[in-house]
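I opened this notebook to record what I looked up in one structure. The entries follow the order in which I consulted it.

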Amino acid sequence: MSTTATATDTATTDTATTDTATTAGPVRERRLHWALADCWTIVRRDLTHLAKQPSLVAWQLGFPIVSVLLFVFVFGSAMDIGEGVDYKDYAMPGMFAMTMAFGFMNTAMSVVVDKERGVTDRFRSMPMAPSAVVTGRGVSDVMHAALDLMVLAGIALVVGWRSDGSLLATVYAFVLLLLLRFSLIWIGVWLGLITPNQEAAGNLFAVAFPFGMISSVFTPPSVMPDWLGAIAMWNPVSATSNAVRELYGNPLPAGGSWIEQHSALMAVVWPLIITAVFMPLAVRKFQRLSG
Amino acid sequence: MKISSPDGPPGDSREFSVVAQGLRKTYGDKRALDGFDLAVPRGTVFGLLGPNGAGKTTAVRILCTLIRLDGGSARVGGHDVASEPRMVRRRIGLTGQNPAVDEIMTARQNLEMFGRLFHLGSAQARRRAAELLEQFGLTEAAGKQPKDFSGGMRRRLDLASSMILAPEVLFLDEPTTGLDPRGRSEVWQAVRSLTETGTTVVLTTHYLDEADKLADRIAVIDRGRNVTDSSSAFRGETPTPAALKRAVGGDRIEVMAREEADIPDVVKAVARVAADGSEPETEAETLRVHASVPVGEGVAALTEVARSLQEAGLTVEDIGLRRPTLDEVFLTLTRERQEAAA
């Protein structure tokens with residue numbers, strides 16, 4: 001079968017003739033090459049969005065920034081978590097983790113918008129690597145999250161937060177935060193694909209809010225009622241919050257339970273579990289979109 | 001699954017760009033496609049007509065490899081949609097019901113991105129983008145974002161994005177839904193210019209005038225089946241928009257009599273212009289008499305009827321020309337089908 005006798009014959013120029021060249025050479029290598037190239041094209045699209053709408057970052061950071069101001073300056077003086085701890089040193093790492101936790105909504109929203117506009121269908125009807133739509137989303141969301149963290153850490157430094165950990169520990173803490181965000185991409189993609197439209201996607205906040213807040217982000221679970229404290233302790237956001245607090249050398253009121261003693265471990269295990277469950281779900285849903 | 005059969009279309013991809021046989025797709029209890037057949041001759045603009053929910057979009061989505069079929073087989077551009085989706089994707093363009101362009105990137109950036117995703121080199125993607133902007137009259141808007149475009153412009157950019165590789169088959173799913181008249185005519189013009197490049201166009205629409213303006217051939221789809229051949233509408237003629245209009249879509253003349261006693265005379269006057277010597281229909285209770293008139297002769301027929309009525313010394317309550325809507329056309333076609341089944 002001649003793969004060169006494509007529709008390009010009728011093109012007005014020699015455009016697309018390279019396309020025919022791709023039919024030569026080992027198939028596997030070529031596929032990998034295009035999977036990476038297409039992924040990069042999708043990432044560049046998101047970077048273009050960011051460059052054209054810097055306000056997007058500002059909007060997404062609006063909630064954590066307002067939270068920083070509220071909790072540190074408004075409620076902060078009334079917040080006593082014991083042991084003579086300065087509340088902002090406790091709250092800042094939590095805020096980082098919460099921003100990562102809420103990030104899945106951004107992923108879901110981008111996925112819904114593309115699906116609703118038909119852009120996803122266009123991609124799926126094209127000869128590009130199908131994986132690129134999902135991997136491109138993942139890579140650009142992690143880049144986006146890194147930018148969010150930089151801005152947030154800058155603000156935290158301004159209000160007086162410091163990391164007392166070593167450089168390596170501090171960097172590792174940011175890696176753990178990004179790992180949490182990475183694992184939530186798959187939940188975001190999956191939710192975006194099963195959500196009918198943008199309006200419905202707005203309601204995801206009802207999921208995100210308790211997920212971010214019923215955790216050790218603002219207060220230690222030990223001060224909560226037992227049943228709520230147990231939920232908060234086991235929340236993946238708590239594991240990451242506590243793990244990064246330790247790495248930053250920020251105060252971490254001691255908790256006696258197993259889960260609180262093993263946050264460093266769980267900050268890695270939770271994201272791996274989430275990825276293992278939701279990445280296949282998201283990819284499967286993408287492949288079978290609308291039947 | 002057989003590809004050609006004595007009564008079915010041949011599987012020769014040099015002759016037909018799209019060949020589908022016995023397509024079935026079920027969603028829960030609903031049979032979206034129920035043994036759908038289609039053969040689209042190469043180089044034509046093929047209109048797929050049918051009421052909402054008839055299965056037009058499902059058919060297009062299967063042919064574009066977007067959804068799996070539950071039964072039957074389809075070849076697009078000579079390749080099987082189920083077993084060779086990548087080969088099909090290299091040969092098709094799709095313009096769905098919504099303009100599938102990035103709203104934030106500029107028109108040029110959109111086309112360059114789609115060019116890259118069709119695996120053009122960056123210089124080629126740039127060159128192809130410039131050509132398409134020119135071809136679709138968007139050169140001046142190249143640096144603007146589609147969110148600031150008119151509906152027609154956005155659609156043209158959408159079409160341009162489907163034309164990166166000058167596809168063998170271009171699928172247009174209701175390309176002018178939601179556009180104002182100016183936007184529609186812009187899109188029609190763009191689509192007509194595409195056919196000059198030899199692209200086969202498969203167009204779904206529920207506007208008769210759109211099929212009329214664009215399509216060389218048509219097929220009527222109803223409840224998941226292609227009912228074109230089983231319908232008596234075409235009486236063995238090639239199914240073209242004109243044939244459809246001749247059969248069921250011609251203008252109708254309608255006269256409302258003053259009193260019941262006048263009806264026989266009114267019928268006589270109307271019968272003189274009725275298409276193919278058909279009998280005018282009478283609705284006694286509303287005093288109306290109506291009949292189909294040959295396509296394109298509506299006004300002449302109206303004048304003729306008015307003159308005969310005048311000569312007969314009759315005054316009537318109302319006289320007018322009505323165009324059937326596509327819904328009425330579908331109703332006629334599907335009623336035939338139900339009667340045939342009964």
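I worked on a predicted model, in which local features need pLDDT of at least 70, side-chain atom pairs count only at pLDDT 80 or more, and totals for chains, interfaces and linings use all residues. Residues are numbered from 1 along each chain as its sequence is written, while chains are lettered from A and ligands numbered from 1 in the order in which they are written.

Interface. I found 38 residues of chain B in contact with 32 residues of chain A (contact: C-beta atoms, placed from the backbone, within 7 Å). On the side of chain B that touches chain A, helix H2 (85-89), strand E6 (92-95), helix H3 (107-117) and helix H4 (122-135) each supply at least two residues. Helices (H or I, at least four residues) and strands (E, at least two) are DSSP runs numbered from the N terminus.

Strand pair. Arg24(B) stands opposite Asp34(B) of E2(B). The hairpin has two residues between the strands, and Gly28(B) there takes a positive phi near 60 degrees.

Loop residues. Most residues other than glycine have a negative phi. Thr65(B), not a glycine, has a positive phi of about 70 degrees and lies in the loop between H1 (56-63) and E4 (71-76) of chain B. Thr65(B) is buried, with 23 other C-beta atoms within 10 Å (buried: 20 or more such atoms, placed from the backbone, within 10 Å; exposed: 12 or fewer; partly exposed: in between). His119(B) also has a positive phi of about 70 degrees without being a glycine; I located His119(B) in the loop between H3 and H4 of chain B, buried with 26 other C-beta atoms within 10 Å.

How values were computed: Contact = placed C-beta atoms within 7 Å. Pairing = 2+ DSSP bridges.
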